[in-house]
Amino acid sequence: MFSKEESRKLREEFWIAFGKSFPYKWTLYKTEVKGLSFKFHFDVKMAMVSIDVDSDFEQRIKVWDKLIALKSILIDEFLPEAIFEDFYILKNQKEISRIYVELNNVSIHNKNTWRQTMEFLNNNMLQIEKFYLEYKDFIES
């Protein structure tokens, strides 16, 4: 069991190590599409890389429909393990749409899983960014 402070320090240490191991300027929130962002997540049970559609309902439907139109391309060429959820509930009870890949049985509290997690996060985010760069004109239109 870790105290909140120990957990905070481990999280900080992980993200610093990740940034040093994979020094790349990620697109993340700068997609130029309202409500579309890419995210990393790593906690005590799993790691996740996601494409989140989080905007007003009309904009969310518009962007989500474009992503669904590209679903087979995304799966076939970029993220074969992608999970599509048009209604995804965040911990704060906010509803978004999300496409994501997960790595289970890893923990930010277990340094033995960090390298595997860093590689997972890096490889999958690179794939998401390649997909976005290839199809951003369609998604933005």
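Predicted model: local features only at pLDDT ≥ 70, side-chain atom pairs only at ≥ 80, totals over all residues.
Local features require pLDDT of at least 70 and side-chain atom pairs count only at pLDDT 80 or more, whereas totals for chains, interfaces and linings use all residues. Residues are numbered from 1 along each chain as its sequence is written, and side-chain values use heavy atoms, with hydrogens and water left out. Helices (H or I, at least four residues) and strands (E, at least two) are DSSP runs, numbered from the N terminus.

**The sheet**

- Eight bridges connect strand β2 (residues 46–53) with strand β4 (residues 95–104) in the antiparallel sense, and valine 49 stands opposite valine 101 in β4.
- β3 and β4 also run antiparallel, joined by five bridges; phenylalanine 84 stands opposite isoleucine 99 in β4.
- The hairpin of β3 and β4 has five residues between the strands, and glutamine 93 in this hairpin takes a positive phi near 75°.

**The helix pair**

- The axes of α2 and helix α4 (residues 114–140) come within 10 Å and cross at roughly 130°; axes are lines fitted to C-alpha atoms, for helices over the stretch in contact, and angles run from 0 to 180 degrees between N-to-C directions.
- That angle makes α2 oblique to α4, since angles under 35 degrees count as roughly parallel, over 145 as roughly antiparallel, 65 to 115 as roughly perpendicular and the rest as oblique.
- Val63, Lys66, Leu67 and Ala69 of α2 make the contact with Phe131, Phe138, Ile139 and Glu140 of α4, where contact means heavy atoms within 4.5 Å.

**Lysine 66**

- Lysine 66 lies in helix α2 (residues 57–69).
- At 12% relative accessibility, lysine 66 counts as buried (under 20% relative accessible area, with exposed over 50% and partly exposed in between; 1.4 Å probe, protein chains only).
- Apart from its neighbours within four places in sequence, lysine 66 contacts Phe138, Ile139, Glu140 and Ser141.
- Methionine 48 is 18 residues from lysine 66 in sequence and 22 Å from lysine 66 in space, C-alpha to C-alpha.

Note on methods: Pairing = 2+ DSSP bridges.
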